[in-house]
Structure formats: structure tokens, C-alpha cells
Amino acid sequence: MPTRALRSEKLDLRVSSTTKRTLEAAALATHRTVSAFVLESALARAEEALLDRRTFHVTKAKWTEFLAALDAPTRPLPRVQRLLTEPGFFDTTPTPSSHKTR
């Protein structure tokens, strides 16, 4: 028999009366309490929202291509190198001609 996690946290929701009636009807139709229905529905949606951040599926050919790209030597990127080595906007000292005086 599976063990149940201790429910020590509470989640409150404010909903419209129409929303509450809809949730009650759906819970009744699925033979669940409103709390169980909302919790199961919210967890299913949470899993769906997070799924693509946890796993991804590729064909064997695409996986081989992906590994080859990871193992490939780096290629020179002169624009990136210049960006990382030249002084940034805040690194330069303003020149007197760039300030207007009154």
C-alpha cells in the first residue's frame, strides 16, 4: 500500500461563485471532493508545464548529432572576442568635448 505524504501546508483560493459552481460540478462528476479535484487538476497542469524542462525526446540520429556538436572543437568568434576584450560603455572616461557646458 503506498504511503501518503503528510499534508502540512494550506493553499487558499478566492474564486467567483460561477467558478466555484463549475469546480463543484466537475468534482461531483468525477466522484471527488472539490479539494481533491482541484489538487489533482493543478498537479496535472503543473507536471505538464514542467515536463519540457525536465526531459526531452530525440531520435537516435539526432542524439548522435547532438553529442557530436558537444564534442566538436570550438570555432573562433571574432565579434564575441572583441566584445569581451574591448572596454565597455561604463569603462571609458568621458572626454571634455562630450560634455556641454553653459
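Where does H31 lie? H31 sits in the loop between α1 and α2, helices being DSSP runs of H or I with at least four residues, numbered from the N terminus, while strands are runs of E with at least two. This is a predicted model, in which local features need pLDDT of at least 70, side-chain atom pairs count only at pLDDT 80 or more, and totals for chains, interfaces and linings use all residues. Residues are numbered from 1 along each chain as its sequence is written, and side-chain values use heavy atoms, leaving out hydrogens and water.

Most residues other than glycine have a negative phi. H31 has a positive phi, near 60°, and is not a glycine. With a relative accessibility of 74%, H31 counts as exposed (exposed means over 50% relative accessible area, buried under 20%, and partly exposed in between, with a 1.4 Å probe and protein chains only).

Of the 102 residues in the chain, 2% are buried. The accessible surface comes to about 10800 Å², and carbon and sulfur atoms own 60% of that; the areas come from the Shrake-Rupley method with a 1.4 Å probe, and for residues only the protein chains shown count as cover.

Next come the charged pairs. Side chains of opposite charge can pair when their charged atoms come close. The structure holds five salt bridges, each a side-chain nitrogen of Lys or Arg within 4 Å of a carboxyl oxygen of Asp or Glu. One of them links R32 and E40, with the closest N and O atoms 2.4 Å apart. R32 is partly exposed at 37% relative accessible area, and E40 is partly exposed too, at 41%. Another joins E48 to R45, where the closest N and O atoms are 3.5 Å apart. These two are three residues apart in helix α2, which means that about one helical turn separates them. E48 counts as exposed at 56% relative accessibility, whereas R45, at 49%, counts as partly exposed. D12 and K10 also meet through their side chains, at 3.9 Å from N to O, and both D12 and K10 are exposed.

D12 turns up again at the largest pocket, as one of the residues nearest its centre, along with L11, L13, S35 and V38. A pocket is found on a 1 Å grid over the protein atoms alone, as an open set of points where a 1.4 Å probe fits, with protein on both sides within 12 Å along at least five of seven lines; lining residues have an atom within 4 Å of a point. The largest pocket holds about 580 Å³ of space and is lined by 15 residues. The elements giving two or more residues to this lining are α1 (17–29) and α2 (34–54), and α2 gives the most, with six. By type, the lining divides into nine nonpolar, one polar and five charged residues.

Finally, there is a nonpolar surface patch of about 600 Å², made by F56, V58, W63, F66, L67 and L70. Patch members have over 30% relative accessible area and no salt bridge, and nonpolar side chains are joined within 5 Å. L70 belongs to helix α3 (residues 60–71) and is exposed, with a relative accessible area of 55%.

Conventions: Patch = residues over 30% accessible without salt bridge, like charges linked within 9 Å, V, L, I, M, F, W, Y side chains within 5 Å. Points joined across faces, edges and corners; volume = space filled by probe spheres on them. Nonpolar A, V, L, I, M, F, W, Y, C, P; charged D, E, K, R; others polar.
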